[in-house]
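Okay, everyone, thanks for coming. I'd like to walk you through one chain today, so let's get it up on the screen.

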Amino acid sequence: MTVPPFSLLHHAMRWWRSRPQQRRMTNVICYEAVIFDLDGTLLDTLGDLAASTNRTLTHFGFPQRSLEEVRQFVGNGVEMLIHRAVPSGTGEKQTQECLTWFKQDYMVHMRDQTAPYPGVQNLLKSLRNSGCKVGVVSNKFDGAVKELCWEHFGDLLPVAIGERPGRQKKPARDLVDLCVSELNVHPDRCVYVGDSDVDILTALNAGLPCLSVSWGFRSRKFLMEHGATVIVDTPEELWEKLCLLS
């Protein structure tokens, strides 16, 4: 039996709309700017952080730490990383000597293993192409933040801010406020993206909505236990959360 042309068109349209791969998103971003954490969010830096930590500990005759221990130590800046990594009871003078040695070693070796997480480059390109402004706020020391951001992302990240004298580190809002100012945007049009409890508190203190990522240094379970309200598992899913679906 011949199917009327209208029926053919009707079925074709139903088939086209039902195909999951045809789900599209507009480039309409819900925010004027996205502020990212760096370590564990854009870059997988854990291997290089752990290696520099253990070279430092070995240099001073201390026992090494496992990768999982270092994973739990990071998030509050390298000074806190070293305080947590050295043996309990280590004096402040020697701890500071370890910190100085670590910084020198890390600046040499921070490119050995570090790389962007899969999909991050495309995410940043999509944000740039949509007209959304992008910045980074990290507790890592400022020189390392700027070098790593430029090396891996170039002009995709025009504003990259690390630890600075006279500015409180995250979870204080100081560095986020500085980033908002340098991006020249209104804070009401910004969103913060990070991978840790420190980032959740940072967004809260800065009065920004927070999107948490599960691919970094903390698990989904940990993030939920520490107040995460929105958790994404891939950069593609993060893009969906930042955009309006068509």
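**A quick tour of the chain**

So, the chain has 11 helices and 10 strands; these are DSSP runs, H or I of at least four residues for helices and E of at least two for strands, numbered from the N terminus. Before I go on: this is a predicted model, where local features need pLDDT of at least 70, side-chain atom pairs count only at pLDDT 80 or more, and totals for chains, interfaces and linings use all residues. Residues are numbered from 1 along each chain as its sequence is written, and side-chain values use heavy atoms, with hydrogens and water left out.

Of the 246 residues, 47% count as buried, where buried means under 20% relative accessible area, with a 1.4 Å probe and protein chains only. If you take contacts (heavy atoms within 4.5 Å) between residues at least 6 apart in sequence, 66% join residues at least 24 apart.

Now look at Lys170, in the loop between β6 (159–163) and α8 (174–183). Is Lys170 buried or exposed? It counts as buried, because its relative accessibility is 4%. Its side chain makes a polar contact with the side chain of Asp37, at 2.9 Å; that term means a pair of N or O atoms within 3.5 Å, and within protein one must be able to donate a hydrogen and the other to accept it, while residues adjacent in sequence count only if both atoms are side-chain atoms. Setting aside neighbours within four places in sequence, the contacts of Lys170 include Asn76, Val137, Tyr192 and Asp199.

Next, Gly194, which sits in strand β7 (residues 190–194). Gly194 is buried, at 0% relative accessible area. Beyond its neighbours within four places in sequence, Gly194 touches Asp37, Thr41, Asp199, Leu211, Ser212 and Val213. Gly194 and Val137 are 57 residues apart in sequence, and their C-alpha atoms are 9.7 Å apart.

Last stop, a helix pair. Helix α4 (residues 78–85) packs against helix α5 (residues 92–109) at about 125°, with the axes 9 Å apart; axes are lines fitted to C-alpha atoms over the stretch in contact, and angles run from 0 to 180 degrees between N-to-C directions. So α4 and α5 are oblique to each other, the label left over once you take out under 35 degrees (roughly parallel), over 145 (roughly antiparallel) and 65 to 115 (roughly perpendicular). On the α4 side, the residues making the contact include Leu81 and Ile82, and on the α5 side they include Leu99 and Phe102.

Note on methods. Buried < 20%, exposed > 50% of the residue type's maximum accessible area, 1.4 Å probe, protein only.
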